[in-house]
Structures are given as C-alpha cells and as structure tokens.
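Try each task before reading its solution.

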Amino acid sequence: MRRLVQTRDKGPDLLIFASALALLTIGLVMVFSASSPMAFHEFGDSTYFVKRQLFWALLGTVAMIATMNIDYHLYRRFAVAVYAVAVGLLGLVLIPAVGTVAGGARRWIVLGGFVRIQPSEVAKVAIIIVLAAYMSSIGPRMQRFLTGVVIPIALVAVPLALIVAEPDLGTAVAILAVCVIMLFLGGARLTHLLLLVPPAVAGLVLLIVTEEYRFRRYMAFIDPWQDPLDTGWHVIQSLLALGSGGLFGLGLGMSRQKYHYLPETHTDFIYSILGEELGFVGCAAVIALFFVFAWRGMRAALRAPDRFGGLLCAGLTCMIVFQALMNIGVVTSSIPITGISLPFISAGGSSLTVAMASVGVILNVSRRAIE
Amino acid sequence: MPDHTAVVVRKRIVFVLFALSLVMFALVCRLFYLQVIRNEWLRQMALDQRYATLYEDSRRGPIYDVRFRKLAVSMSAESIVAIPAQISDARDTAAKLSEVLDMDYQSVYAKLTQPLASVYIKRRVDQETAQAVKELRLPGIVFTEKGERFYPSGSIASHVLGIVGTDNQGLEGLELEYDEYLSGKRGRRRSEVDARGRDIPLGEKEYIPPEDGYGIVLTIDERIQMIAEREIERAVVEANAARGTIIMMNPKTGGILALATYPSFDLTDWRNTTAEQRRMWPLLDAYEPGSTFKIVTAAAVLDSGTRSVYSTFDDIGYVLVDGHRLRCWRAGGHGHQTFVETMENSCNPAFATYAREMGVDVFYRYIRAFGFGLPTGIDFPGDSTAKGMLQSEKTVGAVGIATIGFGQGIAVTPLQLLQAIATVANGGTMMKPRLVEAVVDERLQIVEKFPPVSVRQVISPSTAQILNEVLVSVVENGSGTRAQIPGYLVAGKTGTAQKVDHRGGYGDKRVASFGGYAPADDPVVAALVIIDEPNTYTTYGGVLAAPAFQAAVSDALRLLGVPPNRPVAETVAKPNQVYVPDVRNYPVVEAAEKAKEAGLGLRIVGGQGNIVLSQNPVPGAAVQLNTVVNVVVGDDPE
C-alpha cells in the first residue's frame with residue numbers, strides 16, 4: 001500500500017502559487033481602482049478599501065504559508081471538530097444579537113473594528129474537509145446509494161440549510177455543486193448522482209419563486225431592459241462597463257462606470273470594472289490564470305498520495321474555480337445574479353483569507369505528489 | 001490510489017477539469033462577444049448615460065431697415081440655471097437665491113431638489129442681479145446667456161417683423177421666414193458626469209461656442225414705415241373703421257417700402273395678443289377689391305386691343321346682362337362718356353361691358369398674368385397659400401364676368417392688387433414683391449443678396465403709358481382728386497367695395513380703398529390704402545382712403561428726395577381775385593369751409609347727398625372774391 005509510504009517532499013507546485021499570487025495582485029490593484037470614487041465619496045479617503053484589502057492579503061499570505069506547511073492529514077483527524085465548529089458558527093450568525101445584517105442578509109459576525117468573519121466561508125472549507133474524510137474512509141462503499149449519496153448529502157444538508165436561512169442562496173448553490181462534484185470524484189455511481197438532479201432543481205425553483213427579490217433578479221436576468229432602473233440596473237451597468245472596455249480597455253484607472261453607475265464595484269462586480277479598464281485581453285488573462293490554477297490544482301489532486309489528499313485538493317480547487325466561474329457568469333449576464341464574489345480579486349476579508357488558506361492546503365498536497 | 005476505483009477516479013478528475021475548462025472557454029466567448037463585437041453599441045450607450053449637456057443660445061441676428069437702422073436686436077440676458085446634483089446645501093442655496101432674485105423660498109427650494117440634470121431658476125435676469133448671484137459663489141448654480149429681443153425704435157412694423165419665442169426661435173413673420181439666418185447655431189457644453197450628476201475627474205469635456213445669427217436688411221424704410229403707421233392710424237380712427245392698411249412699394253424693384261396696419265400690436269407684449277390680432281392680413285387675406293380692380297380691366301381691354309382709349313360709352317344707368325340689371329351708382333347714369341371719363345366716374349356699366357367685350361378667355365388671361373389666383377411670391381410665411389379667389393372660367397358665366405369687370409365676384413389680397421398697380425407704374429413689367437434686401441454679418445458685410453425679380457411683362461409699355469395717363473386723369477379730374485400731391489403728378493383709382501356678410505350676400509359693410517402711384521411720369525412709390533368697415537358719414541374711398549394716400553405718399557416722396565416737377569397752384573392771384581380750391585370729393589361741410597377760407601361761397605345746385613361730385617368754376621380758376629362755387633353732390637359714388 002503506497003498510502004503507508006511516506007512520500008518525499010517535492011516542493012509545492014509553483015504554478016499554483018504563482019497564479020494565486022498573480023490573481024491576488026490584480027485584485028489589489030483593481031480594488032483600489034474600482035473602489036476609489038466610492039471610498040472617496042463615502043469616507044473621504046480613496047484608499048479606504050484598498051488599505052483593508054492589503055491587510056487581508058497579508059493575513060491571507062501568512063495563512064497560505066502556514067497551511068502550506070501543515071501536513072494535510074491533520075485535517076482528516078479533526079474533520080468532525082471542524083464540521084461542528086462550522087455548523088456552530090452558521091447557527092450563531094442567525095442569532096440577531098450576533099449576526100450583522102448587510103444588504104438584507106445576516107451573514108457576518110463582527111469581531112471588532114473592520115474584522116468580521118463570514119461563517120459561510122469557513123463552512124465551505126469545513127464541508128470539503130468532512131466530505132473528503134468521509135469518502136476516503138468509506139472507500140468502495142461509495143458505489144452504494146445510501147453510503148455514497150444519501151449520507152454525505154445529509155451531512156452537507158445541515159450547513160447548507162443554515163446558509164440558505166441567512167439567506168445566501170448563491171453560496172449554498174456553489175457549495176452544493178462542489179459537493180456533487182466531490183461525490184462524483186469520490187466514485188459515486190453516476191445513476192445515483194443523477195437521482196439528485198430533480199429534487200435539487202425543484203428545490204431551487206421553489207426557493208426562487210417563493211422569495212420575491214430572487215424572482216425579480218431572475219426576471220431581470222431574462223430581460224434586464226424591462227426594468228433598467230431597478231432590478232435590471234446591476235446587469236445593464238455591468239454590461240455597459242464590460243462593453244466599454246473593448247479589446248484593450250480604457251486603461252487602468254480610467255473606468256467611467258465606477259462613478260456610481262455600477263454598484264458593488266469593488267466586490268461582486270469588480271470583474272466588470274476590470275473588463276472596462278483592461279478590456280477583453282485583461283478579462284481573458286484573468287480566466288487564463290484561473291485555468292492554470294484549475295489545471296495545476298486538479299493535477300495535484302491526481303498525484304495526491306492518498307484518497308483524502310486527492311479529494312481535499314480537488315474539492316478546494318473546484319470550490320475556488322467554481323466561484324470564479326459563477327461570478328464571471330453573473331457579470332457577463334450569463335446566469336442570474338447570485339451574490340458570489342470573485343476569489344482573490346473581490347474585496348472581502350473572510351473570503352480572501354479562506355481562499356489563500358485553501359491555496360496553502362492545495363500546495364501542501366502538491367508537495368506530497370507521487371508520479 | 002490503490003483500490004479498484006482508482007482508474008475511474010482518475011478519469012473523473014480529468015473529466016471535471018475538462019468540464020471547467022469548457023465553461024471557461026464559453027465565458028471567454030461571451031466576453032469576446034460583449035467586449036469586442038458589441039463594443040461600439042455598449043460604449044455608446046454608456047456614453048449617452050454619462051453625458052450631461054447644457055445648451056447655450058446663440059445671439060439672434062438683428063433686423064435692419066433699408067438704411068441699416070436697427071428695428072430689432074437681441075441683447076443677451078443671463079439666465080440662472082441650477083444643477084441639483086452639484087448643490088451641497090439646498091436649503092442655504094435656496095434661501096440666498098430667493099432673497100437676491102426676489103422669489104419664493106419654497107419654489108426655489110423645490111427647483112433645486114428636482115431630480116433633473118439642470119433646471120432653470122430664473123430666465124433673463126438683469127446684469128446687476130446676475131452679478132449679485134455670481135458673487136454668492138454658490139456651487140451648482142451656473143449661468144447661461146439667453147437672447148432677448150429689443151426694438152430700438154419701438155414696436156414698429158410689428159406684423160412684418162413677427163415674434164420670437166423663449167428659446168430664440170422665430171415664430172411668426174420675418175423672424176420665422178428668415179429664422180435659419182437669424183437664429184445662428186446654439187452652442188453646447190458637454191461633460192461626463194457620474195450617476196449623481198457630478199463631473200467625472202479627467203472626464204471628457206466639450207465646449208462648442210454658439211454662432212451668432214446673421215442680420216437681415218429689409219426693403220422697408222423705417223421713416224416711411226412710421227409715416228404709413230401714423231397715417232393709417234389717423235385714417236382708421238377718423239373713419240371709425242375696423243382696421244386698415246397702407247402698403248407702399250417701389251414699383252421698379254418690388255421692394256416693400258412700408259407695410260403698416262392698424263390696429264397693430266406691441267412686439268414686446270405679444271403674449272397678450274391673439275393670433276388673429278397678429279395675422280398679416282394685408283398679405284394673406286383676400287377681399288373683394290371693387291372699383292380699384294377697374295385698373296386691371298382697363299389694362300386688359302386696352303392691351304388686348306378690344307377697345308381704344310378713344311372709344312366712348314353711353315351710360316343709361318344700367319346694363320342688362322342675361323336679364324340681370326347691373327346698375328350704375330349714379331341714378332340715371334353718366335350719359336355719353338369717353339373711355340377716360342368712364343374711369344374718372346368709375347362707371348360700373350361701362351366696365352361690365354368692357355369685360356364682356358373681351359370675353360372670359362382674354363380677360364382671364366390678363367387676370368392671371370397680373371398675378372391674381374397665384375401667390376405673389378413675397379418672402380413671408382403663408383404666402384404660398386395666399387392666392388385670393390378666382391372663379392373657374394367654366395362656371396363664371398356672363399353676369400360673373402361682367403361683375404368681375406368692376407371688381408366684384410373676385411377676391412384678391414391687398415398685396416396682389418398693389419402688385420398689379422405697380423405693374424402699370426413699371427411700364428407693364430411685374431416685379432415680385434420683396435421684404436428683405438440682403439443678409440449681412442455683424443460687420444454689415446453682405447452674406448447674401450436678394451436682387452429684384454421681374455416676373456413677367458403683363459401689358460405692353462405703350463398700353464401702360466396710356467393707362468398711366470388715364471389714371472392721372474382720375475386723380476386730376478375724377479374720383480381721386482383728394483390724392484393730389486402739390487408738385488407731383490399722381491395716378492390712381494378709388495374703390496368702395498361691398499363686403500359679403502355672414503349670410504353670403506352683400507350687406508352694408510364696405511371696404512374703402514385707394515391704389516395709385518407717384519410721380520406718374522417716373523414712379524417711385526406705388527401704394528394701396530385700405531380702410532376696412534368704415535363707420536362714418538361716408539364709406540367712399542375717394543374721401544376716406546385717398547387723403548391717407550396723399551399724406552403718406554407725399555411725405556415718402558419728400559423723404560426719398562424726389563424733386564417736385566409740377567408747378568404748384570398759387571393760392572393768391574391779383575388783388576380781389578382768388579384761385580378756386582378743389583372741393584371735389586370732400587364732404588359738403590368741409591367743402592363749404594374750404595370755400596369760405598378762400599373767400600368764396602358754396603351752393604348746391606344738384607344731386608342729393610354728402611359728397612361734392614363736381615364743381616363750377618373748376619379748381620384753379622381765377623375768380624373774384626366772394627364768387628359762389630356751384631357744386632353737384634351725391635352719396636357714396638361707386
């Protein structure tokens with residue numbers, strides 16, 4: 001059994017490291033550019049957001065270096081504890097006295113100052129760890145419906161339900177999708193997985209039609225021009241920003257749409273401003289970096305010395321890439337607005353720190369790669 | 001990965017990577033579509049939502065009279081505009097503005113807080129007020145210049161000039177007709193603004209300055225216009241009439257020298273007038289001309305060779321046409337008359353007969369050649385529809401053609417009639433009437449010139465010469481004696497037309513007119529005077545319109561520097577001898593006064609009525625003091 005063989009440290013995959021740092025750097029520049037008019041107007045300091053983002057970037061880098069050097073087997077041992085903490089935090093954020101409301105959703109726990117954590121970010125990683133741990137211990141029994149699908153879905157259903165309750169449907173959808181991918185990678189039967197599709201779709205439709213704002217967002221995706229000043233506003237302004245960019249963009253810092261036309265320029269819609277300033281070339285470059293990240297991350301998963309490492313690495317990689325695709329899908333109006341930020345690039349403390357820590361874990365797995 | 005699923009798992013990892021890559025590729029395609037293919041469309045749309053445009057009016061060009069005196073000029077007055085998005089403290093701004101501008105605080109505050117790109121606070125403030133507001137240095141309060149029309153000579157030629165709207169656009173009259181020259185091009189100030197209306201730093205800014213309009217130079221002479229306005233006012237008031245007009249024209253060039261109407265209106269207060277009051281009826285509205293139209297009939301009958309000027313006509317008081325009796329105004333008729341006398345006496349049976357002798361085809365050919373039934377082509381809004389009314393040749397019939405002979409059953413615009421009279425004055429060549437001589441820039445350099453346009457030769461020069469002498473005789477000896485101007489030979493014809501009432505028949509309303517020109521030997525001014533619906537002791541054109549013609553044209557000739565070339569009759573001859581004044585066409589009371597002033601008596605020896613028709617001894621005869629002048633009177637001849 002190779003699993004028992006302690007593999008030699010081959011050093012982390014430099015392409016993963018490089019692509020993540022490149023995206024982080026682009027993010028810092030874009031956060032400054034995109035947020036400066038709003039920051040200046042709201043806080044009288046155009047560097048208000050970028051200063052905070054810089055702090056989180058440093059913290060994230062520290063976290064990445066730390067996790068890069070922590071043997072990933074440790075997570076398997078503490079999988080249950082991590083899961084319990086995540087569920088606990090998700091429960092805690094729903095208590096009005098603890099959770100902070102922003103944009104109509106209770107998603108943050110403020111620790112003090114500008115330091116606030118987003119339990120759903122923690123939960124993403126926790127769910128991946130617990131699934132990887134579960135599947136690697138189940139082994140061939142993944143082919144059975146009960147142990148391969150029902151139990152793991154039940155496992156993730158609890159935190160997902162809490163996230164939906166925040167409400168944060170977009171994140172829940174992203175996590176669910178990554179979970180299904182992990183079950184697929186873990187060896188679950190395709191027919192069993194397909195059985196999940198009808199109830200998942202039915203649940204999603206139900207959640208959309210029962211909540212008015214979700215339904216309006218969905219309709220705005222179908223035809224943004226129907227209500228250009230309200231629900232269609234985000235989508236239209238995002239398309240105008242991207243479209244204004246052309247092939248090479250208006251130049252760094254030259255975005256016009258960031259002057260209060262496009263809301264959330266430094267968070268969910270930062271990619272639109274990037275497209276306006278750096279053009280199609282800039283947009284394609286960001287996607288290329290995510291491709292490199294996906295390729296090397298999946299390659300590391302393929303070469304992981306054991307099942308847990310492979311599934312953990314694939315799960316984390318998929319989570320980051322999947323969020324990136326969802327975000328870009330939203331700003332290009334390819335899918336309805338979901339409220340998913342762009343990993344490494346969007347401003348946001350918890351998400352950046354968690355993403356960087358995840359990269360560290362992936363790098364740690366890549367260090368143990370076998371040929 | 002040791003177990004049996006290892007191979008499957010490896011395949012699945014590769015499959016997931018492939019699927020993610022596929023989605024990435026799809027997104028790149030989507031981005032390419034949005035950013036490269038739809039680039040222009042989306043960019044333009046983004047631009048449109050960002051550009052805020054403030055327009056700046058150009059200064060409207062002035063209107064000059066023929067001697068470059070300013071009739072209408074635009075002075076720019078500043079307007080105060082607010083850009084609500086740039087106002088930091090609306091309450092404070094509103095408080096300060098309302099005080100300086102003497103406006104209501106609430107209304108100013110309401111304007112400042114409107115969700116608009118820009119809003120007018122107050123249009124056209126005077127300079128001191130504008131300066132006071134500027135000194136407040138209020139953010140978001142800007143100024144735009146707005147042109148305002150001023151009339152340096154007062155509100156003269158109102159109907160001709162027409163009116164200008166709030167946004168510098170010509171609405172009526174020459175202001176409308178020449179708007180493209182006068183208005184210039186408005187300038188604009190564009191800048192990129194953010195979603196809250198503030199300028200974007202380093203955003204594009206564009207300023208296109210306004211281009212001032214050109215000036216136009218009229219054919220009208222301000223001095224003659226003033227005379228015409230004075231005389232038509234006097235004539236209309238004295239006749240207690242509804243309205244009146246004097247149009248004066250240079251018969252050689254077609255240039256209008258004066259076009260006065262009474263009542264007129266105040267150009268600076270046009271908003272309190274109705275469109276009806278501002279209507280240029282002398283150019284646009286048709287009326288039945290009556291006896292003045294006999295000039296056209298005479299021209300046609302002489303030029304076509306139907307009759308010679310030496311022909312005669314016996315008037316028995318009426319003429320029978322198709323069983324209809326067309327009466328002469330003089331009971332019993334004028335008896336045996338020469339052609340000239342038929343004109344002097346304005347004898348309707350004679351002219352009915354002339355018209356019938358010519359026949360429909362010949363007469364209509366001349367009527368059309370004189371421009372009736374067609375627009376005159378004058379440069380004034382609405383001209384193309386101002387054709388008058390001409391019955392069809394096919395339906396006009398014998399009675400119709402006979403009545404047209406003396407100016408009934410045809411409707412013409414005053415300008416059409418004057419154009420026809422001017423044609424006789426100009427040796428038979430008809431000129432297109434014009435109001436504007438040239439377009440000039442601000443240094444009075446000519447940009448475009450509108451030369452005289454001759455329309456056609458209507459009658460031969462020799463016919464025109466003969467007719468000229470006939471018309472001179474009308475003024476010397478006939479119904480037009482009161483149009484005589486000492487020192488000049490005057491030609492003309494009186495008219496007293498019945499107006500069709502609302503039931504379609506002839507009622508008791510009249511139009512008194514006189515059309516003619518002077519000096520008859522080398523015409524400089526052709527003029528038409530119309531007194532509409534006089535309401536006094538008489539409605540006779542020879543009494544109501546001819547004196548206004550005389551007064552206006554004699555002053556115009558003096559102003560134009562036309563030297564008198566006729567001996568002026570002396571008023572005192574030898575001791576105890578006086579020259580007999582001309583009392584014809586005066587009301588009896590006035591005639592008696594004139595005779596008394598000259599030291600003579602007056603006695604009515606025939607007729608019944610108010611107006612002196614003939615006198616004995618004739619005007620100008622030298623007689624002993626206290627001689628009695630015998631006169632024959634009548635009522636409203638024609």
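The model is predicted. The accessible surface of chain B comes to about 27,900 Å². Of that surface, 51% belongs to carbon and sulfur atoms.

**Exercise 1. Describe the make-up of chain B.**

Step 1: Start with the elements. Chain B contains 20 helices and 26 strands.
Step 2: Turn to burial. Chain B has 638 residues, and 53% of them are buried. Buried means under 20% relative accessible area.
Step 3: Look at contacts with a separation of 6 or more. In chain B, 72% of these contacts join residues 24 or more positions apart.

**Exercise 2. How much area do chain B and chain A bury between them?**

Step 1: Find the partners. In chain B, 44 residues are in contact with 51 residues of chain A.
Step 2: Interface size is often given as the accessible area lost when the parts come together.
Step 3: Read the value. Chain B and chain A bury about 4,400 Å² between them. Carbon and sulfur atoms hold 71% of this buried area.

**Exercise 3. Which elements of chain B give two or more residues to the side that touches chain A?**

Step 1: Name them. They are helix H1 (6-37) and helix H2 (39-50) of chain B.
Step 2: Pick out the largest share. H1(B) supplies it, with 20 residues.
Step 3: Sort the touching side of chain B by class. It has 26 nonpolar, seven polar and eleven charged residues.

**Exercise 4. How many salt bridges does the rule find across the interface of chain B and chain A?**

Step 1: Apply the rule. It finds zero salt bridges between chain B and chain A.
Step 2: Check polar contacts. Between chain B and chain A, six residue pairs are in polar contact, both residues at pLDDT 80 or more.

Conventions. Residues are numbered from 1 along each chain as its sequence is written. Chains are lettered from A and ligands numbered from 1 in the order in which they are written. This is a predicted model: local features need pLDDT of at least 70, side-chain atom pairs count only at pLDDT 80 or more; totals for chains, interfaces and linings use all residues. Side-chain values use heavy atoms; hydrogens and water are left out. Helices (H or I, at least four residues) and strands (E, at least two) are DSSP runs, numbered from the N terminus. Buried means under 20% relative accessible area, exposed over 50%, partly exposed in between (1.4 Å probe, protein chains only). Contact means heavy atoms within 4.5 Å. Accessible areas come from the Shrake-Rupley method with a 1.4 Å probe; for residues, only the protein chains shown count as cover. Buried area is the accessible area (1.4 Å probe) that two parts lose on being put together, summed over both. A salt bridge is a side-chain nitrogen of Lys or Arg within 4 Å of a carboxyl oxygen of Asp or Glu. A polar contact is a pair of N or O atoms within 3.5 Å; within protein, one must be able to donate a hydrogen and the other to accept it, and residues adjacent in sequence count only if both atoms are side-chain atoms. Ala, Val, Leu, Ile, Met, Phe, Trp, Tyr, Cys and Pro count as nonpolar, Asp, Glu, Lys and Arg as charged, and the others, Gly among them, as polar.
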